[in-house]
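Here are my notebook entries for today. I went looking for charged pairs, and then for strands.

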Amino acid sequence: MTYMAKVINGGKVVLPADLRRELGLETGDHVIFEQTENGVVMKTHAQVIREIQDQLRPFKRPGASEVDALIAERRAENAKEEAEVAEMLARRAK
């Protein structure tokens, strides 16, 4: 479907109510305008997130949680730093 929008004072674009409803847009929501070689494409924030998730999906390892791996890495780094601080304090106490 094709819609027409109007540019008003300050460069604001007024989207037709039917389009806002169809996209689930509410006051304060963000939309992204992407300039392509074929023109300008408007996307909702949710559409951009889905596109990024689709692009990253091939890198997901089955049964692996990247979040759990990151948390484990941070905990290991923290433990190492705490051991280094404890060692430094022990040397100073001598």
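Is Arg74 buried, partly exposed or exposed? I found Arg74 partly exposed, because its relative accessibility is 45% (buried is under 20% relative accessible area, exposed over 50%, partly exposed in between, with a 1.4 Å probe and protein chains only).

A note on my source: this is a predicted model, where local features need pLDDT of at least 70, side-chain atom pairs count only at pLDDT 80 or more, and totals for chains, interfaces and linings use all residues. Residues are numbered from 1 along each chain as its sequence is written, and side-chain values use heavy atoms, leaving out hydrogens and water.

Entry one, charged pairs. I searched the whole structure and got eight salt bridges (a side-chain nitrogen of Lys or Arg within 4 Å of a carboxyl oxygen of Asp or Glu). One of them joins Arg74 to Glu77, with the closest N and O atoms 3.5 Å apart. Both residues sit in helix α3 (residues 66–93), three residues apart, about one turn of the helix. I counted helices (H or I, at least four residues) and strands (E, at least two) as DSSP runs, numbered from the N terminus. Helix α3 also holds Arg91 and Glu87, four residues apart, and their side chains meet in a salt bridge at 3.9 Å, N to O.

Entry two, strands. I saw strand β3 (residues 31–36) run antiparallel to strand β4 (residues 39–44), with six bridges joining them (strands pair if DSSP finds at least two bridges between them). A hairpin of two residues connects β3 to β4. Ile32 has Lys43 as its bridge partner in β4, and Lys43 is also linked with Glu34 and Glu51 in a network of salt bridges.
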